[in-house]
Amino acid sequence: MRPVRLAVAACVLVALVTGCDAGVMTSAAANGVSPAAAPSRAVAPPAAIADRPAKFGERRAAGESLMVTVLAPKTFVPGETAYPRVPRAVAFEVAVENQGTRSYRPTQLVVRATNPEGNAVVPVVDKAQGYDGNVGADIEVAPGKSVRLTFAFAVPAGAMDLRVIVQPDIATAGDRAEFEGTV
């Protein structure tokens with residue numbers, strides 16, 4: 001019983017140290033794995049590009065072997081069964097390309113959104129519209145393949161700036177790609 005308590009305590013400690021909050025979504029709906037170009041070595045973007053968040057639709061490295069693109073957001077009105085109940089939400093398709101030599105499991109992926117003040121934006125689950133908030137545990141992205149995942153977040157009625165942060169896993173806070181734009 002003692003090893004179980006220690007494991008639970010370690011998990012809680014990791015979550016606290018890494019800044020885990022309600023705005024973190026570690027999974028989403030997967031739209032299927034598709035082939036990508038043959039694996040190539042990820043090339044670091046020029047310093048001028050790496051120093052700023054990407055615009056929606058641009059491609060960025062997230063870690064050593066993943067390339068990520070956050071496509072333009074799609075606004076929608078969450079249905080009656082959505083959680084939380086909000087008047088407006090935006091959905092993002094996130095394309096993840098595995099350019100490494102080992103398979104990647106998207107269940108490790110952490111995607112979160114923040115407002116201009118840096119406050120977390122709440123993820124939305126609306127299963128009736130296809131935003132179910134999880135990735136199947138059986139999804140695996142082989143080297144040279146890609147997958148598109150969908151994430152949804154609650155936003156106010158009017159236009160706002162939004163930043164989307166994508167990390168390969170919770171333990172690699174420094175290996176992330178950031179995207180921003182108006183939704």
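Where does Ser103 lie, between which two strands? In this predicted model, Ser103 belongs to the loop that connects strand 7 (89-98) with strand 8 (110-114).

The surroundings of Ser103 include residues from elsewhere in the sequence. Setting aside neighbours up to four places away, Ser103 is in contact with Asn98, Glu140, Val141, Ala142 and Pro143. Glu140 is 37 residues away in sequence, yet the two C-alpha atoms are 6.4 Å apart in space. The side chains of Ser103 and Glu140 are also joined by a polar contact of 3.2 Å.

In strand 7, Asn98 is the bridge partner of Leu66. Leu66 is part of strand 5, which covers residues 66-70. Strand 5 and strand 7 are paired in the antiparallel sense, with 5 bridges between them.

Strand 5 also pairs with strand 4 (residues 59-61); these two run antiparallel and are joined by 3 bridges. Here Ala61 stands opposite Met67 of strand 5. The two strands form a hairpin with 4 residues between them. In the turn of this hairpin, Gly63 has a positive phi of about 90 degrees.

Which way do the residues of strand 5 point? Leu66, Val68 and Val70 point one way, while Met67 and Thr69 point the other way. Residues on both sides are buried, and the count for the strand is 5 of 5.

In soluble globular proteins, nonpolar side chains tend to be buried together. The largest nonpolar core in this model has 30 residues, and those with the most contacts inside it are Val70, Phe92, Leu162 and Val164. Two or more residues of this core come from each of strand 5, strand 7, strand 8, strand 10 (145-154), strand 11 (161-167) and strand 12 (177-182).

Phe92 shows how residues from separate parts of the sequence meet. Leaving out residues up to four places away in sequence, Phe92 touches Phe56, Val70, Leu71, Pro73, Leu149, Thr150, Phe151, Phe153, Leu162, Val164 and Val183. Among these partners are Val70, Leu162 and Val164, which are also listed with Phe92 as having the most contacts inside the core. Another core lies apart from this one; it has 7 residues, among them Phe76, Ala89, Val124 and Tyr131.

Methods
Residues numbered from 1 in each chain as written. Predicted model: local features only at pLDDT ≥ 70, side-chain atom pairs only at ≥ 80, totals over all residues. Heavy atoms only, no water. Contact = heavy atoms within 4.5 Å. Polar contact = N/O pair within 3.5 Å; in protein donor to acceptor, adjacent residues only side chain to side chain. Buried < 20%, exposed > 50% of the residue type's maximum accessible area, 1.4 Å probe, protein only. Pairing = 2+ DSSP bridges. Core = buried A, V, L, I, M, F, W, Y, C linked by side-chain atoms within 4.5 Å.
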